[in-house]
Amino acid sequence: MQYFDVLGLAPRLALDLKDLEKRFYAKSRELHPDRFVRAPHAEQQRALELSALLNDAYRTLREPIARAEYVLKNSGFDIGEQRSKDVPPELLEEVFELNMALEEADQPQIEAAGVRFDKLRAEIDQELATRFGQWDQAAETGTLAQIRGLLNRRRYIENLLRDVNVHLSN
Amino acid sequence: MSTFQIDFGGAPSKVVGIDLGTTNSLVAYMDLTGPRVLGPIVPSVVAVRADGTFAVGEEARALLLTAPDRAVYSAKRLMGRGVEDIQEELKLFPFHVSGGTESVIRLQVGEKTMTPPEVGAQVLRKLKEQAEAELGETVSQAVVTVPAYFNDAQRQATKDSGRIAGLDVLRLVNEPTAAALAYGLDKRNEGTIAVYDLGGGTFDVSILKLHDGIFEVLATNGDTHLGGDDIDNLLIRIALEDIASEWGQDIAGNQEAVQLLRRNVIAAKEQLSFAPLTTIELDYQGRQYKRELTRELLEKLITPIVDRTLGPCRACLKDAGLTVEQIDEVVLVGGSTRIPLVRHAVRNLFKAEPHTELNPDEVVALGAAVQAGVLAGDVADTLLLDVTPLSLGIETMGGVVAKLIHRNSTIPASVTEQFTTSIDGQRNVLIHVLQGERELVKDCRSLARFELKDLPPLPAGLARIEVKFMIDANGILQVTARDARSGQETTVEVKPSYGLTDEQVEAMIMESITHAEDDFRERQVREARVEADNMLLAIEKAKQNEAWFTLPEAERDEATRALNELLMVYHSDDHHLILAHIEKLNQATMSLAENMMNTAVQGALRGTKID
């Protein structure tokens, strides 16, 4: 996978961010177009392409969610936006209650829902971290499928939290 | 046996750093002792003299007062913009738009029409000459700064200015980032710094992380229409209303009076940065206007303008993922940051004492010189990692923008998208690229339309064209496309929404070369006339001397003839002719000069003064 390659890493889902930053800086010094302004045009173009790749890689890999999506996509998974009607079944009741609260502008209920969804998201992040470690040990497709499921749930909760925050900030 | 390698090639040409500002511009160079400015600040004003030649800088600023329709200032505000976007500017600035198209503005300056990049080119050429005079060699490469919040078209227009002026712009650097470079050079510390840059016409804020010589921009924000000019315009408007009620006469339409008032208002504003009280005065056509202005009142008036800078600062912090407490240092840039109220607002917001050690008018040019040193390979270990200020997207169904590269992404940045056809046998695909943060096409800035051409005729949806959008280190977009099946490059035709086409820029370069020749000839003629003036004056004086009368009549006649001939050719446009007749007169008056010298010596010996 190109993004890992350009930073000199093997594909891993759990990354040490300090180490990632160090690699990014070292590679930037080597590849940045500033180093090639007096080089022939072809070399300049190559520096441009490579440093763009490096920047794209760093931007993606430093965010755990974007990193996982990148690995999923490159392992043949479809990570397209989940449609809003596909409510994860275990969340049906929660979502129903939130919608009621939003409709009635029930401030305490909305705040309480916000707290619950925050907690749910934290639980998902915890589980994701475990799965990331699991995949790094043994790169099994089954683990990736579980990760994909977690990411979908997480995205759904993110959207709910956005609705809550929009309501609370108005 | 090894031999010494001797490099017989000349030293590579020097790279200068240029701050091309809305109000003032400056050039600097980095040598072993550090960055230093080359020559004085040049006001970004361009005028056309009565004889059709260009005046730039101080001379042009003086012309602005006597012949406002022959001079143009603040043209940076118009860079990379179309006629319909500048209607607001036209209410505040006396730009004489002589037409042009949707994509580029043409200004009437005296008898000439100029596009904003050509106005910028005149300023750049002046700075280039100034640098050449100081460095004693030809300068052809430069780093030029732009407001961080400049969009693609504004950046491209700035590069075009360089090309027209005969400068290879190696890199465009964002002004706040340049300021950080100027400050960070000798400190080399780790930490987070915020740069607050309030110039004549633009406001930028950037937050950077410093690490071992790497200047990594985390986020940038700003307003390309906010600056000291807004304060000036507010004060002018108030003074004009005041004058109208006092004199019973509205002078707003009188450009000469308004320019005079503008100069006085700016002086008053600047004084109030140091004194608590000043006066705004206008002496026009025998009438006097005088009004006291206190700092307190000024602050009350400009608070809304200063407050407009705070929103972008907060947004920038949020985008950088930082809180106010995490900002270690604050740097002030731009002449408007001399205003005590501005300093107070910055101190309050960032809870830190802002750095003001470097002259805010010079710091951007100095930083540009540092970056020039980096590019030339003279400054090791320093590396700038900047970001794109605006998100880049493409138009999709229903006039919605799909974002491809988000704002504050480190540049160079790229993204590859797949496109296909929607009709059987379709040969062309049109891609509309936009810049901005809003969701709908109508609220974003159109950047260009790219047309993929000569696609192989296939049933709908079968073609696979990979389009790569790349923002380079200057913040300028490049687009390439290839057929994913065949791997062949696809022809992309670019139709920029704003700015000059390559052909137009080429034509301007050619024109400027011809003009450069005209200008040079013009200067030679002027110089010859000055020499003739001196000669004629000396002869006039000699005719009063007794030596003239002791001269043989034949010589006197010959001298008179030579004098008349010089007077006849004086107004010719051929400097050779003028110089030849000066020489002829010189020869004809040789013995006269000798006689005068002898008389003077004798007079001196006698102890009497001869004059």
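**Figure 1. A salt bridge between B:Lys468 and A:Glu49 in the predicted model.** In this predicted model, B:Lys468 pairs with A:Glu49 in a salt bridge whose closest N and O atoms lie 2.7 Å apart. Across the interface of chain B and chain A, the rule finds 3 salt bridges. Between the two chains there are also 14 residue pairs in polar contact, counted where both residues have pLDDT 80 or more.

**Figure 2. The interface of chain B and chain A.** The size of an interface is often given as the accessible area lost when the parts come together. Between chain B and chain A, about 2,200 Å² is buried, and carbon and sulfur atoms give 48% of this area. To the contact, chain A brings 21 residues and chain B brings 31 residues. On the side of chain B that touches chain A, the elements that give two or more residues include strand S12 (168-174), strand S14 (203-211), strand S15 (214-223) and helix H11 (363-375). Strand S19 (383-385), strand S22 (413-419) and strand S25 (465-471) of chain B also give two or more residues to that side. By kind, the residues on the side of chain B that touches chain A divide into 15 nonpolar, 9 polar and 7 charged.

**Figure 3. The stacked rings of A:Tyr3 and A:Tyr70.** A pair of aromatic rings is described by the distance of the centres and the angle of the planes. Over all chains, the count comes to 5 aromatic pairs. For A:Tyr3 and A:Tyr70, the ring centres are 4.3 Å apart and the planes stand at 10°, so this pair is stacked. A:Tyr3 belongs to helix H1 (residues 2-6) of chain A and A:Tyr70 to helix H4 (residues 64-74) of chain A, so the pair ties together parts that are 67 residues apart in sequence. A:Tyr3 is buried, with a relative accessible area of 18%, and A:Tyr70 is buried as well, with a relative accessible area of 12%. Together with A:Phe4, the residues A:Tyr3 and A:Tyr70 form one aromatic cluster.

**Figure 4. The tilted rings of A:Phe24 and A:Tyr25.** The ring centres of A:Phe24 and A:Tyr25 are 5.9 Å apart and their planes stand at 40°, so the pair is tilted. A:Phe24 counts as buried at 0% relative accessibility, and A:Tyr25 is buried with a relative accessible area of 3%.

**Figure 5. The surroundings of B:Asn174.** The residue B:Asn174 is placed in strand S12 of chain B, one of the elements that give two or more residues to the side of chain B that touches chain A. B:Asn174 is itself buried, with a relative accessible area of 3%. When its neighbours within four places in sequence are left aside, B:Asn174 is in contact with B:Val146, B:Pro147, B:Ala148, B:Arg155, B:Asp386 and B:Val387.

**Figure 6. The surroundings of B:Leu332.** In chain B, B:Leu332 lies in strand S18 (residues 329-333), and at 2% relative accessibility this residue counts as buried. Not counting residues up to four places away in sequence, B:Leu332 touches B:Tyr196, B:Thr337, B:Arg343, B:Val346, B:Pro354, B:His355, B:Thr356 and B:Pro360. From C-alpha to C-alpha, B:Leu332 and B:Leu447 are 31 Å apart in space, while 115 residues apart in sequence.

Figure 7. The peptide bond that joins B:Ile411 and B:Pro412 is cis, with omega about 0°, and B:Pro412 lies in the loop between strand S21 (400-405) and S22 of chain B. B:Ser74, in the loop between strand S7 (71-73) and helix H2 (87-92) of chain B, has a phi near 55°, which is a positive value in a residue other than glycine. B:Gln285, in the loop between strand S16 (277-284) and strand S17 (287-294) of chain B, likewise has a positive phi, near 45°, and is a residue other than glycine. B:Ser74 counts as buried at 3% relative accessibility, whereas B:Gln285 counts as exposed at 64%.

**Figure 8. Chain B as the setting for these views.** The secondary structure of chain B comes to 16 helices and 27 strands, and its C-alpha atoms fill a box of roughly 100 × 70 × 65 Å, taken along the principal axes. Of the 611 residues in chain B, buried residues make up 52%. Among contacts in chain B between residues at least 6 apart in sequence, 65% join residues at least 24 apart.

Note on methods. Residues are numbered from 1 along each chain as its sequence is written. Chains are lettered from A and ligands numbered from 1 in the order in which they are written. This is a predicted model: local features need pLDDT of at least 70, side-chain atom pairs count only at pLDDT 80 or more; totals for chains, interfaces and linings use all residues. Side-chain values use heavy atoms; hydrogens and water are left out. Rings of Phe, Tyr and Trp (its six-membered ring) pair if their centres lie within 6.5 Å; planes under 30 degrees apart count as stacked, over 60 as edge-to-face and the rest as tilted. Helices (H or I, at least four residues) and strands (E, at least two) are DSSP runs, numbered from the N terminus. Buried means under 20% relative accessible area, exposed over 50%, partly exposed in between (1.4 Å probe, protein chains only). Contact means heavy atoms within 4.5 Å. Buried area is the accessible area (1.4 Å probe) that two parts lose on being put together, summed over both. A salt bridge is a side-chain nitrogen of Lys or Arg within 4 Å of a carboxyl oxygen of Asp or Glu. A polar contact is a pair of N or O atoms within 3.5 Å; within protein, one must be able to donate a hydrogen and the other to accept it, and residues adjacent in sequence count only if both atoms are side-chain atoms. Ala, Val, Leu, Ile, Met, Phe, Trp, Tyr, Cys and Pro count as nonpolar, Asp, Glu, Lys and Arg as charged, and the others, Gly among them, as polar.
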